[in-house]
Amino acid sequence: MATIYEESLHNSLVFDKKSGFDSPTGIYHSLVNLDAKQKIPTQPNLDIATFVLSHFPPPDQAERRVALIDSATGHPVTYAQLHRSITRLAAGLHHGLGVRKGDVVFILSPNSLLYPIICLAVLYIGAVITTANPVNTEAEIMKQVSDSCAKLAISAPAEISKLSSAGVPVLLTSRGGEGDGDHLSVEELIENCESLEITEAKPNQSDTAAILYSSGTTGTSKGVVLTHSNFISVATLMKWSVHVSKAGDDVILCFIPIFHIYGLAFFGLGLFCTGNTIVLMRRYDFQEMLEAIEKYKVSNIPAVPPVIVGLVKNGGGGHDLSSLRRVGSGAAPLSNEVVKAFRRKFPWVELRPGYGLTESCGATTYFASDKEAKARPASSARLLPCFSAKVVDFETGLAQPPFREGELWLKSPTVMKEYLGNEEATAATFDSDGWLKTGDLCYFDDEGYIYIVDRIKELIKHNGYQVAPAELEAILAGHPEITDAAVIPHEDEAAGEIPVAYVVRAATAKLTEDQVIQFVNRQVAPYKKIRKVNFISSLPRSAAGKILRRQLISQSKQQMHSKL
């Protein structure tokens, strides 16, 4: 949590005001400091839901100002209606279902008008949210429910069958769907409960707010523990970014899934502090996105690289996109070529790439102006206020000056508390001074702009989702005719990257590529599916037995170039 002492210390630090680099310590400091009105709150007895609700428009404006619009139906929700629904649902969960501070609530649903209401209601009573992708398999869902120790599940009717063996009570998001049975719904709680005061102790900034599952810097999926302080810090920085961008009256389109940190931080929580209107799509569809931009005069889209590639390739498809003013990009790097092509096709639109990760609550960098972004199309912007960074050579451990590459380390009030129940992974991710090791290879230039070069951690980014090679390798190893296997990313223009397997077959095996693909893909969510298999006599390994994936990636690139 940021303190007044830390802010005054930042002001008194002697570092290069052009790059933010302090050579004696090897630390890069943010070149922007929040003023007194913008600073992150320091009082300990504050939770993210109370913080968000306190920033809603005044009552007379809240009755008129639209917070949410369902893109498919056009149904609007005002800030006043949103406030009432949140407090009524909180009362229903607390007094009706006995949800208490510290209880974990598992949410399994695509985007809907109810999703942010659920998140804020759960957080309001001090319970903890853990979210999952609705396309995850029953086995993946059971693992998360068990690992997070969830006490209640809230599910879309279409997904309830995946929770049949979860061993926790299930609350449906809405009525009228398949699998309703005798289950109570969120809609019914909102309709039938009054906004009763929660008399028990409310959460503090240091309390856990969410457990989001990410592969982190290594290995399979782990629970990232994020506190109320982390989310309050992100929401404060979001308010600052909207202020400096003059985006307070934007109509913002949401197709980013709210179960993802990108969607949760923006559309589940933070943007309600800014008074903007959010047009919510159930899921991403390119044509539906174009229709929504035209119909609702959307001016701002937080996006991911495949969406921007689609706009470059297909343009507006005959739709009027003249209302569009700003497009952000996150979740994966955006290539210099795509940036330039987008600006040629949409010269009136500001394109602002950024960088963040689940472990930093989705935040790290931001372009304060389109002029900055245009001047540095390959950059991922500058550090947000309250952030510090190091670029550490992963062989020598020495902090690097501008233009020298190394692993990005971060400190900020948005950085996670820990990995849930995993001291080993937590210790591997933080150094002894509390620096978060991101696993990303980068460098800073002499004006404080960061450039992400590659991922040391070797995670695969498919359409903005993280895919852990170790998870897929573990599944491949379970096949009786496979003796060894590795999974690497392969560049894909549409999806960013796709998982490709290198497989060593047993001596007498006649295993085919299609058989391997089917074996893996029926056990994992769609975004984790193996797309290609290469059979190989042996895998390159280090003396310690570690798979040398970089060699396979280099080999894959050489094969691709030779075919071209």
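Buried means under 20% relative accessible area, exposed over 50%, and partly exposed in between (1.4 Å probe, protein chains only). The model is predicted, so local features need pLDDT of at least 70 and side-chain atom pairs count only at pLDDT 80 or more, while totals for chains, interfaces and linings use all residues. Residues are numbered from 1 along each chain as its sequence is written, and side-chain values use heavy atoms, with hydrogens and water left out.

**Exercise 1.** State how K528 and E471 are paired, and where each lies.

Step 1. A salt bridge is a side-chain nitrogen of Lys or Arg within 4 Å of a carboxyl oxygen of Asp or Glu. K528 and E471 form one, at 3.1 Å from N to O.
Step 2. Helices (H or I, at least four residues) and strands (E, at least two) are DSSP runs, numbered from the N terminus. E471 belongs to helix 15 (residues 469–477), and K528 to the loop between helix 16 (513–521) and strand 27 (532–535), so the bridge ties together parts 57 residues apart in sequence.
Step 3. K528 has a relative accessible area of 8% and is therefore buried; E471, at 19%, also counts as buried.

**Exercise 2.** Classify R376 and E447 as buried, partly exposed or exposed.

Step 1. The two form a salt bridge, with the closest N and O atoms 2.3 Å apart.
Step 2. R376 is buried because its relative accessible area is 17%.
Step 3. E447, at 25%, is partly exposed.

**Exercise 3.** Give the count of salt bridges under this rule.

Step 1. The count is 20.
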